[in-house]
Amino acid sequence: MAQEGADEPPELTSSTGFLLARLGAESRRRWARMLSERGLSPHHFGVLMALDQHGETHQQRLCEAIGVDPRNAVPIFDTLEAQSLIARTSDQTDRRKRAVVIT
């Protein structure tokens with residue numbers, strides 16, 4: 001990160017807002033890299049955090065919680081299930097719904 005700043009104009013590097021934005025971007029890059037080393041993405045992390053907070057819930061509700069279109073969520077759930085991080089079952093009252101629980 002210090003190398004990148006060497007090419008920046010002093011007006012930017014003396015700006016608290018600019019430095020905080022750079023710090024945030026670098027922090028997110030490192031966090032995403034750490035997750036990817038474990039075969040996960042920020043969306044996977046979001047599902048696990050939502051399940052930790054809400055407990056067992058339906059896939060649709062998780063999609064809303066993490067801001068992912070339900071049509072795009074199946075690979076996210078598949079990856080988590082393949083890694084034994086979640087379990088999915090059919091809802092007892094409505095077979096069209098899939099209940100998800102953190103393992």
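Which residues of H3 are buried? This report answers that question and then describes the rest of the predicted model.

## Helix H3

The buried residues of H3 are Arg22, Glu26 and Leu35. Helix H3 covers residues 16-37, which gives it 22 residues. From its first C-alpha to its last, H3 reaches 32 Å, close to the 32 Å expected at 1.5 Å a residue.

Glycine 39 follows H3, and its phi is positive, near 75°.

## Overall organisation

The protein contains 6 helices and 3 strands. Along the sequence, these elements are arranged in the pattern α-α-α-α-β-α-α-β-β. The radius of gyration of the protein is 19 Å, well over the 13 Å that the globule rule gives for 103 residues, so the protein is more spread out than a compact globule. Taken along the principal axes, the box filled by the C-alpha atoms is roughly 65 × 25 × 25 Å.

Of the 103 residues in the protein, 25% are buried. Among contacts with a separation of 6 or more, 40% are between residues 24 or more positions apart.

## Surface and charge

The protein exposes about 7,000 Å², and carbon and sulfur atoms supply 53% of that area. The protein has 13 positive and 14 negative charges.

Helix H4 spans residues 42-54 and has 13 residues.

Which elements do the buried residues of H4 pack against? They pack against strand S1 (57-58), helix H5 (59-66), H6, S2 and S3. The buried residues themselves are His44, Gly46, Val47, Leu48, Ala50 and Leu51. Just after H4 comes glycine 55, which takes a positive phi of about 75°.

## Valine 100 in strand S3

Strand S3 covers residues 98-102 and includes valine 100. Is valine 100 buried or exposed? Its relative accessibility is 0%, and valine 100 therefore counts as buried, the cut-off being under 20%.

Leaving aside residues up to four places away in sequence, valine 100 touches Leu51, Gly55, Glu56, Thr57, Gln59, Leu62, Ile86, Ala87 and Arg88. One of these, Leu51, is also among the buried residues of H4. Valine 47 is 53 residues from valine 100 along the chain, and the C-alpha atoms of the two are separated by 9.7 Å.

## Valine 74 in helix H6

Valine 74 lies in helix H6, which covers residues 70-82. With a relative accessible area of 39%, valine 74 is partly exposed. This value falls between the cut-offs of 20% for buried and 50% for exposed.

Valine 74 and cysteine 63 are 11 residues apart along the chain. Their C-alpha atoms are separated by 9.9 Å.

## Serine 84 in a loop

Where is serine 84 placed? Serine 84 belongs to the loop between H6 and strand S2 (86-90). Its relative accessible area is 52%, and serine 84 is therefore exposed.

The backbone at this position deserves attention. Most residues other than glycine have a negative phi. Serine 84, although not a glycine, has a positive phi of about 60°.

Note on methods
Residues numbered from 1 in each chain as written. Predicted model: local features only at pLDDT ≥ 70, side-chain atom pairs only at ≥ 80, totals over all residues. Heavy atoms only, no water. Helix = DSSP H or I, 4+ residues; strand = E, 2+ residues; numbered from the N terminus. Rg over C-alpha atoms; globule rule 2.2 N^0.38 Å. Buried < 20%, exposed > 50% of the residue type's maximum accessible area, 1.4 Å probe, protein only. Contact = heavy atoms within 4.5 Å. Areas by Shrake-Rupley, 256 points an atom, 1.4 Å probe, with all protein chains shown as cover. Lys, Arg positive; Asp, Glu negative; His and termini not counted. Charge placed at Lys NZ, Arg CZ, Asp CG, Glu CD. Expected span 1.5 Å × (residues − 1).
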